[in-house]
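I opened my notebook to look up how one protein model is put together.

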Amino acid sequence: MKKLRQIMTASLLSAAALTDAQAQDIDHKLDVINQLTTPSHVSVMPVSSLLNAPGNEALRAFFFDPVKDKTVLKGKKIAVLAADGFEEIELTGPVWYFRELGAQVDIVSPKYNPAPARYGLSSPEMAKTHVMAIQYLQPVGWIKFDRTADQIKVSDYDAVFIPGGAWNPDNLRYDKDVIKFIQDFNKSGKLIAAICHAPVVLASADILKGRKLTGYWNIQIDLKNAGGIVSDQPVVIDANIITSRHPIDVANFSKAVENWLVKKN
């Protein structure tokens, strides 16, 4: 509060001392800001807590049991479409696994597009080269992307997967380069995998009519409205589309992608 008062004071007065009226004005503005701001009490989902939660023994084993054959996906190239707000474990988990199996994995983001100045938003410099991770709506870190969506083409990759997170898919589905890439990838018959909230990106690409799939519980009605045939299963495979529901499905999701690519060989 003291720092905020100093900032506001400096912005209103360059050198002159505050009058009572000016001090009252600043206090009024601070009071308004306090009423517009919510307390910083948030829920988080640390990876360690997720892996140690009751019922997640298989998920824990998926990550901690050493990968026996690290050449299973050698020569395969996988693109990960991610924007700010991706669910951390839904990106880092599959990326770690596919790389352990020998695949080349590129993280691909929409071109950096800062919000208009009038929005009053500020972004760190690293936002130009990184995307932000969340753990259940709480920002927790950043990961560097390798390419932007306008730089890639279908022939570059054998598969594409999209992690969830409530914000990430919403950012992706508005990007014309991402949507065009998904549409072209689908036409090629190559693998498209999406977990949690990510299937809404496929809905925006208009490729779900008559397709069997799943997704996070909150978006299942949206998938049905897009013409999909939705079931509440850990993994649903329909031709070249693989979908899952939640971070607890990461192991099943990753193995389904692995098996699809191996069979494609």
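My entries on this predicted model follow.

**Ground rules.** I number residues from 1 along each chain as its sequence is written, and side-chain values use heavy atoms, without hydrogens and water. Because the model is predicted, local features need pLDDT of at least 70 and side-chain atom pairs 80 or more, while totals for chains, interfaces and linings use all residues. Helices (H or I, at least four residues) and strands (E, at least two) are DSSP runs, numbered from the N terminus.

**Helix 4.** I checked residues 57–64. L59, F62 and F63 are buried (under 20% relative accessible area; exposed is over 50%, partly exposed in between; 1.4 Å probe, protein chains only). They cover an arc of only 90° around the axis, so they lie on the same side of helix 4. The arc is taken from the directions from the helix axis to the C-beta atoms. A58 and F64, on the other side, are exposed.

I read the order as 2-4-5, an open sheet with mixed pairing. Two strands pair if DSSP finds at least two bridges between them. Strands 2 and 5 each have a single partner strand, so one side of each lacks a neighbour in the sheet. Strand 4 and strand 5 run antiparallel, joined by six bridges. I found I134 opposite P139 in strand 5.

Strand 1 and strand 7 pair in the parallel sense over three bridges. Here I78 stands opposite A159 in strand 7.
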